[in-house]
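Student: I have a structure to read and some terms to learn. Can we go through the terms one by one?

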Amino acid sequence: FEVEALSYDYSASIECLAHPLKPLYNGGIIQNPELNNELQGWTAFGDAKIEHRESLGNKYAVAHSRNQARDSVSQKIYLQKDKHYTLSAWIQVKGSEGNVPVTAVVKTTTRLKFAGAIFAESNCWSMLKGGLTSDESGPAELYFEGNDTSAEIWIDNVSLQPFTEEEWRSHQDESIERARKRKVLVQAVDEEGNPLPNATISFVQKRPGFPFGSSMSSSILNNKLYQDWFTSRFTVTTFGNEMKWYSTENVQGKEDYSVADAMLQFAKQHNIAVRGHNIFWDDPHFQPSWVPSLSPPQLNSAVEKRVRSVVSRYRGQLIAWDVVNENLHFSFFEDKLGQAFSGRIFNEAHNIDGQTTLFLNEYNTIEDSRDGVSSPAKYIQKLKQIQSYPGNAGLPIGIGLEAHFPAQGINFPYLRASIDNLAATRLPIWITELDVASQPKQSQYFELALRELHGHPMVRGLVMWTGPSPEGCYRICLVDNNFRNLPAGKVVDKLLSEWRLSKLSGMTDQNGFFEANLFHGDYEIEVSHPVMKNYTFTQRLQVTPTDDSKETKQFVQLSM
């Protein structure tokens with residue numbers, strides 16, 4: 001018999017609330033999660049003093065008299081090996097001005113695991129959502145640390161919910177059924193509109209709806225093997241280097257878009273959508289060689305010329321622009337032209353190309369819980385800064401998550417919770433540069449990452465950073481030089497066959513109806529009937545996502 005797995009709760013809040021929301025999963029394995037029973041189950045961590053307080057009918061724990069970052073409230077827990085733990089808590093601070101970073105830490109007998117972080121505020125409650133996977137069984141301690149020791153840390157409605165690997169995978173399957181498929185009800189009728197029972201209905205998917213692709217290099221232009229391999233699999237791409245500033249204006253004043261133009265033409269011919277990567281890159285190491293020596297006024301002129309040149313050239317031909325790449329980790333342009341640089345460039349790009357979604361593109365937002373520079377909380381702060389630039393309210397902005405996973409493995413609960421947090425912005429989320437660093441289990445982790453990201457209901461598209469080139473691949477290759485599958489390529493082909501419908505057939509009931517559960521995408525429907533010999537009716541159908549979370553069937557009537 002099957003045990004019904006506990007469903008995963010994808011909800012998150014990025015609002016600061018007067019009252020914290022109830023703990024997810026009723027607190028999971030946390031004792032006294034709502035602090036309704038004084039401090040039962042909770043103790044002081046480090047040298048903090050803790051107390052139980054109540055205001056407006058809400059009870060919570062407070063850590064005060066803190067001398068070190070780790071001085072706070074904690075609870076002893078027991079972790080089980082290989083289980084995924086999703087964590088949430090509501091945090092508030094007092095006695096400090098502005099936002100205070102607070103991090104959830106799990107201390108095991110061998111190490112510290114960072115499970116999530118939030119910018120906590122005074123006078124309202126913020127939700128911290130994160131998680132961890134336990135690689136050993138044993139006692140542990142959950143606590144919350146903050147570098148600002150002058151601040152009291154208040155905590156409430158804490159939850160730590162374990163899931164087995166099987167349960168975790170079942171969430172992905174559930175999500176695919178709900179977010180990537182739709183029920184289609186077909187009715188076959190004759191010329192007078194009477195139902196046709198026992199008609200044979202066949203569906204053939206011509207193009208999948210979920211955008212899935214890989215980066216590509218210019219070597220595709222002259223390599224038939226590369227072209228056939230790519231076009232038979234992918235519906236979206238990003239050019240690895242060819243649209244970047246150092247490629248299109250290697251020498252100041254001498255622009256050359258010929259390679260990018262040819263690659264875009266090739267993509268269009270094969271109905272492959274293209275992400276524009278990128279207008280600027282904030283990393284000082286990846287500027288055109290002539291740029292770093294420019295004075296601020298000279299740089300400003302060069303920047304204006306670059307925006308106008310590249311965005312107007314490809315206006316209306318791309319599905320996205322990565323506007324100021326990696327501007328949480330780096331600040332080459334902000335340091336020289338002011339902190340409003342990103343907001344300004346988003347504004348200028350939109351004024352030239354008003355229909356294309358403009359992305360903030362970053363790494364380690366979902367990959368590494370230890371990188372505080374680009375945590376989901378920091379990412380959301382940057383989004384708000386860009387949106388607050390004059391004229392930027394209502395801009396079509398997207399969330400670009402590079403997903404370059406490290407060799408140390410992947411913290412899947414943190415990854416999933418991070419996307420939950422970002423999804424609360426209601427902005428479209430894309431995975432833009434997925435790969436996994438070299439390690440013995442590289443292709444296995446690659447498959448797990450692809451399943452997790454495709455299975456998240458709020459991810460709108462996925463691009464892998466796997467474009468073959470004569471110099472090799474960046475970190476993971478799908479194919480060898482003859483375009484034969486390597487282990488990671490076998491993973492991609494396996495998943496492509498899972499995520500697409502090759503063919504489905506069935507027969508209509510006595511009222512002429514046939515129902516199918518189909519992946520989103522473009523289909524050809526074929527209808528034949530035993531009474532109407534030698535006559536087959538064919539129609540195109542686009543299966544689209546529903547507008548909201550309600551399950552609504554798509555209805556099609558076919559008249560023969």
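This is a predicted model: local features need pLDDT of at least 70, side-chain atom pairs count only at pLDDT 80 or more; totals for chains, interfaces and linings use all residues.

Student: What makes Lys181 count as lying over the face of Phe519?

Tutor: A charge sits over a ring if NZ of Lys or CZ of Arg is within 6 Å of the ring centre and within 35 degrees of the ring normal. Lys181 lies over the face of Phe519, 4.7 Å from the ring centre. Arg275 lies over the face of Phe359, at 4.8 Å from the ring centre.

Student: Why is the pair of Tyr8 and Tyr10 called edge-to-face?

Tutor: The ring centres of Tyr8 and Tyr10 are 4.7 Å apart and the planes stand at 70°, so the pair is edge-to-face. Ring pairs also link Phe212, Tyr226, Trp229, Phe230, Phe234, Phe483 and Trp499 into a cluster.

Student: How do you know that Cys16 and Cys124 form a disulfide?

Tutor: A disulfide is a pair of cysteine sulfur atoms within 2.5 Å. The sulfur atoms of Cys16 and Cys124 are 2.0 Å apart, and the two form a disulfide. Cys16 lies in the segment before β1 (43–45) and Cys124 in the loop between β7 (112–120) and β8 (126–133), so the pair ties together parts 108 residues apart in sequence. Strands here are DSSP runs (E, at least two residues) and helices likewise (H or I, at least four), numbered from the N terminus.

Student: Is Cys124 buried or exposed?

Tutor: Buried means under 20% relative accessible area, exposed over 50%, partly exposed in between (1.4 Å probe, protein chains only). Cys124 has 12%, so Cys124 is buried. Cys16 has 26%, so Cys16 is partly exposed.

Student: What makes α10 mostly covered?

Tutor: In helix α10, 10 of its 13 residues are buried. Among them are Phe446, Leu450 and Leu453.

Note on methods
Residues are numbered from 1 along each chain as its sequence is written. Side-chain values use heavy atoms; hydrogens and water are left out. Rings of Phe, Tyr and Trp (its six-membered ring) pair if their centres lie within 6.5 Å; planes under 30 degrees apart count as stacked, over 60 as edge-to-face and the rest as tilted.
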